[in-house]
Amino acid sequence: MPKMMKRRKKSRKGKKHKKGPVDAEPEELVRAPHSFVIHRGAVGGYCVALTKDLRKVMEPFTASSVQVKKRNSVKDFISVSGPLHVSHLLIVTNTQVGPYLRIMRTPKGPTLTFRIHSYSLCQDILSSVKKQLNADKMYKHAPLIVLNNFTSDENHMKLMATMFQNMFPTINVTKVSLSDIKRVVMINYNTTSKLIDFRHYGIRVVPIGVSKGVKKILQSKVPNLARFQDVSEFLTKPGMLSESEVEDDPNSHVTLPQTLSSRGNIAQSKSSVRLFELGPRMTLQLIKIEEGLMDGEVMFHELVHKTEEEKRAIQKRIAQRKRLKEERKRTQEQNKKRKEQLKEEHKKKSLAGMHKKQKVEADAIMKKHGNDAQSEAVDDDVQYYREEVGEEPQPEMFDPNNAQVKFRPPKLPMKRKSPYGKKDNAGNKKFKRGNQDGDKKNKGGKKFGGSKKVLGSKIRKKSQRN
């Protein structure tokens, strides 16, 4: 019977990634302006959708799926903007007056605040178009930026135009590929109403001088010839053109310097440039420009005008605020250093205490082992004493813990001397106490169990007197 294969066990260890050189990002990608588009506060569902549409406008150099939580602050995004090469931060907020859009240049500003008077979402614009086109491939490349009527000599107009231009990557005309230009952002400034129109279009290039039938053949579409007598009718019948496909303004005709990826657009041939709106659509008004990231001096305000004295007071207050901030920062650094020193001292004391404890425990273990060895030696001495002497030794004789106790030899049993063992000068045995007859019961003396008054002794004393 063949042996059964053991089932392979799944290991919980993760895959080991091979360490190797990390490929550096291309210089064009690093130099391109990147952006964060977020919303702050309770803005509502429409403003959230507007935020997502603005992310699509800023693609591909934006965080299209960034997740914003309530605990995140603007400082969190600014702190990570450096490593991620983020140059602009767009924030959508909503107030009782209406929604606002802030555009910040990281890391040092300035900050432009716009009020959104009206806006339309991408889904609203696409739903109003009869023929919808697939625009997913258009977001793989950055759009063009076209500014109109930003020719004023005022400082805030120059700054606003520069901010809009720097939000999108620059284009090298000599190296650009026309097939990569699929979108355009148009920003128009109305000098009378001081409103800004924001539009986002997709670009489509169509060959001109070609009938609808030929276009279908060029686009690899199979035509329906059931209504025609001959193929020439399909190619030359002018009534088959719809209003949307009729040749438009001659100003949109261009001569292509390159061959495009779309069919029929060959180099040095004439084509028509057509735009279709992608959205979103916004009408903005510049409200305020301030230095820094929402915490500096106000450089321009559309609604509030300050006198020179008020401006100086504001500058003084801002300088004092910065000075206090620097002092607090300096104090915090000092406290941090002091706490780190206390932590190091506490760590050293803890390590010293741990070493001391380990040393005490090691000494206790060594002492215990020494006592065990000594107790074994004492047991050997006790056994030797038992074998040689034949008796049990005294407890303190071999006690290792009572080294000051002097050795006392055991008392050997001694024979008791008889009171009748001694003789007098005449050779007669004499006795110490008791009667002369040797009565054992009355040995004489209280110590040896006799009576206190011995009768025989009295008689002997009387006889001696007589």
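## A buried threonine

Thr-62 sits in the loop between α2 (45-58) and α3 (74-81). The model is predicted. Is Thr-62 buried or exposed? Its relative accessibility is 13%, so Thr-62 counts as buried, because buried means under 20%.

What does Thr-62 touch? Setting aside neighbours within four places in sequence, Thr-62 is in contact with Ser-35, Phe-36, Val-37 and Arg-55. Ser-35 also takes part in a polar contact: its backbone oxygen lies 3.0 Å from a polar atom of the Thr-62 side chain.

## Two salt bridges

How many salt bridges does the structure hold? There are two.

One joins Glu-302 and Lys-194. Their closest N and O atoms are 3.6 Å apart. This pair links distant parts of the chain, 108 residues apart. Glu-302 is in the loop between β11 and α8 (308-389). Lys-194 is in the loop between β6 (183-190) and β7 (195-207). Lys-194 has a relative accessible area of 41%, so it is partly exposed.

Glu-277 and Arg-281 form a salt bridge too, with 2.6 Å from N to O. How accessible is each partner? Glu-277 counts as buried, at 15% relative accessibility. Arg-281 is partly exposed, with a relative accessible area of 31%.

## Cis peptide bonds

Most peptide bonds are trans. Now look at the loop between β3 (99-105) and β4 (111-120), where Pro-107 is found. The bond from Thr-106 to Pro-107 is cis, and its omega is near 5°.

Pro-110 also has its place in the loop between β3 and β4. A cis peptide bond joins Gly-109 to Pro-110. Here omega is about 10°.

## Positive phi angles

Most residues other than glycine have a negative phi. Asn-149 lies in the loop between β5 (144-148) and α5 (155-166). With 37% relative accessibility, Asn-149 counts as partly exposed.

Met-294 has a positive phi as well, near 65°. Where is Met-294? Look in the loop between β10 (281-290) and β11 (298-301). Met-294 counts as partly exposed, at 32% relative accessibility.

How values were computed:
Residues are numbered from 1 along each chain as its sequence is written. This is a predicted model: local features need pLDDT of at least 70, side-chain atom pairs count only at pLDDT 80 or more; totals for chains, interfaces and linings use all residues. Side-chain values use heavy atoms; hydrogens and water are left out. Helices (H or I, at least four residues) and strands (E, at least two) are DSSP runs, numbered from the N terminus. Buried means under 20% relative accessible area, exposed over 50%, partly exposed in between (1.4 Å probe, protein chains only). A polar contact is a pair of N or O atoms within 3.5 Å; within protein, one must be able to donate a hydrogen and the other to accept it, and residues adjacent in sequence count only if both atoms are side-chain atoms. Contact means heavy atoms within 4.5 Å. A salt bridge is a side-chain nitrogen of Lys or Arg within 4 Å of a carboxyl oxygen of Asp or Glu.
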